[in-house]
Each structure stands twice: as C-alpha cells, then as structure tokens.
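Have the sequence and the 3D view open as you read.

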Amino acid sequence: MSIISENAVYFIIAVAIIVILLVWSYVTGRMRKDFSTTTWVLIPVAIAINIAIGQIVVTLKLPVFLDSIGTVLVAVVAGPWAGALTGTLSNIIWGATIDPNAFPWFPVAFFIGLVSGLMANAGWFKNWWKVAVTGFVVALASAIVSTPIAVYLYGGITASGSSFITAYLLQTGQGVVQAVLSTGFLVEPVDKITTAMLAFAIIQGLSKRFVARLPRPENAEVEGGASQTQLFIAIGVVILLVLFAAFMLGNILGG
Amino acid sequence: MQERLSFYKKRESAVHRLNPLSKLTLALGIVFVSFLSPYYWTPHLLILFAVIPLSLLGKVLREYINAMLRLILPTAGFLFIMQALFQPLEGVELFRFGFLHPTQESVLFAFANATRIVVMVSSFTIFLLTTHPNELMTDLTRRGLPGQFAYVIISTLQIIPQMQAKAQTIIAAQRSRGLDTESTFFKRAGSLIPLVGPLVFGSLVEVEERAIAIEARGFTSTRVKTSLNSIPDTNKDKLIRWSLIVIIIVTLASRIWLS
C-alpha cells in the first residue's frame, strides 16, 4: 500500500505542475494568441499527418512508430498547449476510427505535445543537435508517462512488441515498474529522436511566408551554420545521449 | 481503402435513440466499474450481463463480434499468454517448460487482466457502433463544449480518408519513378523522406485558405449558434446518467474500503 500512496503523491505533483502552467499561459494571454484560427485549422491536418505517416511507416516495415510528427510540428509552431491538444485528440481519433486500444494512451500523446512545445519555447528546436536533445527529452517524458498506464491498466505487459523486453526483465527478477520503465527508455529514444528530426526537416522546408502567419514563428527560425557540420554534431550528440541512457538504465536496474 | 471513416452503423434501436452523452457515460461507467471493482469476477460478469445485452439491444451484435475477432481478441489473447507466462507471481506451479513456469496465480491474474481489456475495448466499440460522431459533437457543443473542438474532431474525420488516399497516390507515384520501398532496411528508411515530404507540404498548403474560409463563416464568433438537428434528451437519459454516476461512486467506495 505504501508504494501506491507514494505514486499518488507523484501523480498529484504532476497534475499540479500542469495546472500551474495552464493557468500561467491563460493569465498571460499567450494561450489566446496561440489558439488562432490558423492553429485550429492546422490541428486536424496535423492529426491526419500523424495517422497517415504512421501508416506509411507500417507499409515500409520500419521498426519505429513515427505517429507523432504532426503533434511535434504543431507544438513547435503553435505552442505547447496546441501540441498537447493535438496529441490527445490524435489518440482519441485513432481510437475512434482505427483501433479502440489506443484510447488509454492519450496522456502519453498529451505529454509528447506539451514537452516538445516547452522545449521549442526554450529555444531547443533551432538546429540539428538541439532537435536531437529535444527528441531525447520527449522520449524520457513519454517513457515515464506510459509506465503507470502500462502497469495499472495492463499489469506491466502490454499488447505491443516491446513487451518481450519487459517480459525478459520480469523474468530476471526486476520489479514491474523498473521493467516497464527501462523498456520505455530502451525503445522510445530512437522513435522520438527520429520524429523530432523529421518534424525539423519539415519546418525547414516550409516557406517563410507560411511560418510568419503561425502563432510562434520565432520557434521555427533556424540557427546559422553549415547544415553538414550541424548534422555531424547531431550524430555525436545522439551517441552521447545513448551512452547517458545506458548509464541511467544501469542505475535503474542496479538500484 | 475505407469509404467512411467511422464504426457507426445506422439502425433503429433503443440504444441508438439514447442521448449521445448517456451512451458515453454508459461506456465510461462500464470501464470504470470493471477496473475499480474489488471483486475478481466483475469484468467477466460485465461482459455477460452488460456488454453482450447492450450489443443485442443496439442490434449491432454481428458488427461487435466482427470487431471482437479482428481487434479485441488478438490483443487480449496476446496479453493473456504473455502475462500468464511471464508474470513472476509466487504460487502453485502448473508446469515447467524450459525457463517458463506459469503459476496458478499468474494465470488467474492474466485472465482477469485480459478480460478487463476486453471489457474496456468492447464498451468503446459498442459506443462507437451506435453513436454518430456528428450527433455526439452537436450534443456536446449544445452543453457548452467550445465549437472549435467539434470542428477539429469532425474535420479530422473528413480529412483522414483524403489524406490516406493522397498517401497511396504518392507511394504509387514514387514507386513508378523507381523509389525502392521493399528491399534493405536502409533503402526503405531512405525512402521515407520522398514519401513524407510531398504528403505533408501538400496538405499544409491548404491550411491558410481553409482558415480564411471558416473565418468568413464566423468561426471565432462568440454568439450562440443555432443547430439544424436537435438531439433529444429525455428524463430516461438523465436517470441513466445519474444512476451510472452513483454506481461508479459506490464501486470506488467499495474499492477503497474493501481492499
């Protein structure tokens, strides 16, 4: 019982932080500016992009999901709340049209939008290596948020292919939470870093005139520097992040 | 390619005539009770005495069984097998095969868990089979949901089939000019950009025009808008909603005090 109450405290803290952020952006009027008519029109297109690209990836048989490119796109150009809304509705519509199993995972999509929007506001979406870091942070958030859903709703092992890793970790004597969390840390970064980089490539390809009409054009400005060099730095950063993730995994599993 | 993007089946039935909000409460109520109830057999009984009767009452039993076989049972079956084999619960060992040694406890746990997932997905499926998304959105907007949300949901449902058709066209066009979408991993990964690029840029171009078009129709106006279709909300609907809320609270209370 003590574990449950401890987790309930974390849950309440997380909700409180979100509410404070929400009230802050409402009071400062930033929210009203973010949800312009263009944003409201962009959201359905972004949801459709999520679903269409998700299906292209299935056609190409690639080992990633890439089902949140539209979410990250909206989060960067229209702020974290528009991103969070896109993610949430995206999952609800995925559940309502393709597979009802998608419903319970909407908080994960909410956080993908929110976190990538916050990172973009902080200026972490302006060149390749910063985008890689953003993707990594989004991956951590989504691994952490999906853990309680997997544990409480599905008893740890979910219906996705990565459950085999969780099952293996459970067999080696890990606790359920540790096993699910480390599976998330193993699987998510590849997917989310690729998502963030594709979203960045798309933003770079948009015309200046189009971006200027969106609520947060300043987030989409690309920092100078030869893009070749940038890309090499990005690859280096990804390798560093992978080493960091391995170190963290060791800590989780060891402790 | 799907013609219409929704599970909805048009029928004349008692469930179809219910107010959309009542049906939503019903679906969520079933989910909450099956997850919160402290008794082991609740989810199983819910399938027998709530989910199946509802699908009969709504005259969607055949569609429900179809969805069950296609979406629900594969997921639940996979869950059951994985959890029965790999949940490390102590107890009476059933058999030992290599490193696998499922116990009676882990099989029981897996059975309850898989049934709960079946209940959850089933109740959403029946809700979607008997409720048209437009009706739900009209009703929720009348109750105070901002019109923008209704716009997002409804227009997404319209855009997705168009987008899927566009994606198929782009894949066919790129293949015909020799893009490799089937060989080695790196070739397939490399062909992602020429497929995603045209799709995304092509659909973003329309955004600006559409924004101007709906702005001209008073999209951001805060005046109360009238609706062409009226959706009935009878006393029976209100009774159903309130009794469901009471049932959920009672289940939550029994969960807290009995476990």
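B:Arg175 comes out as partly exposed, with 38% relative accessibility. Its salt-bridge partner is B:Glu182, with the N to O pair at 3.6 Å. B:Glu182 itself counts as exposed, at 60% relative accessibility. Keep in mind that this is a predicted model, and everything below is computed from it.

**Salt bridges inside the chains**

Over all chains, the structure holds 15 salt bridges. Chain B also has a linked set: B:Asp139, B:Arg142, B:Arg143, B:Asp233 and B:Arg241 are joined in a network of salt bridges.

Chain A gives us a couple of pairs that sit within a helix. A:Arg30 and A:Asp34 form one such salt bridge, at 3.4 Å from N to O. Both belong to helix 2 of chain A (residues 30-34), and they are 4 residues apart, about one turn of the helix.

The spacing makes sense: an α-helix has 3.6 residues a turn, so residues three or four places apart point the same way. A:Glu188 counts as buried because its relative accessibility is 15%, and the cut-off for buried is under 20%. A:Lys192 is buried too, at 6%.

Here are some of the salt bridges side by side:

| Salt bridge | N to O distance |
|---|---|
| A:Arg30 and A:Asp34 | 3.4 Å |
| B:Arg175 and B:Glu182 | 3.6 Å |
| A:Arg209 and B:Glu208 | 3.2 Å |

**Where the chains meet**

Across the interface of chain B and chain A, the rule finds 2 salt bridges. It also finds 7 residue pairs in polar contact, both partners at pLDDT 80 or more. On the chain B side, the elements giving two or more residues are helix 4 (61-86), helix 5 (104-130), helix 7 (147-176), helix 8 (185-190) and helix 9 (192-216). The residues of that side split into 41 nonpolar, 14 polar and 5 charged.

How many residues does each chain bring to the contact? Chain B puts in 60 and chain A 56. Together the chains bury about 5,300 Å², with 78% of it on carbon and sulfur atoms. In chain B, the residues that lose the most area to chain A are B:Leu192, B:Leu204 and B:Glu208, together 11% of what that side buries.

Helix 5 of chain B has 27 residues, and its first and last C-alpha atoms are 39 Å apart, close to the 39 Å expected at 1.5 Å a residue. Of those 27 residues, 20 are buried, so this helix is largely enclosed by the rest of the structure.

Helix 5 of chain A (residues 80-97) has 18 residues, which should span 26 Å at 1.5 Å a residue; the end C-alpha atoms are 25 Å apart, and that agrees. Here 16 of the 18 residues are buried, so helix 5 of chain A is largely enclosed by the rest of the structure as well.

Definitions and conventions. Residues are numbered from 1 along each chain as its sequence is written. Chains are lettered from A and ligands numbered from 1 in the order in which they are written. This is a predicted model: local features need pLDDT of at least 70, side-chain atom pairs count only at pLDDT 80 or more; totals for chains, interfaces and linings use all residues. Side-chain values use heavy atoms; hydrogens and water are left out. The expected span of a helix is 1.5 Å times one less than its number of residues. Buried means under 20% relative accessible area, exposed over 50%, partly exposed in between (1.4 Å probe, protein chains only). Contact means heavy atoms within 4.5 Å. Buried area is the accessible area (1.4 Å probe) that two parts lose on being put together, summed over both. A salt bridge is a side-chain nitrogen of Lys or Arg within 4 Å of a carboxyl oxygen of Asp or Glu. A polar contact is a pair of N or O atoms within 3.5 Å; within protein, one must be able to donate a hydrogen and the other to accept it, and residues adjacent in sequence count only if both atoms are side-chain atoms. Ala, Val, Leu, Ile, Met, Phe, Trp, Tyr, Cys and Pro count as nonpolar, Asp, Glu, Lys and Arg as charged, and the others, Gly among them, as polar.
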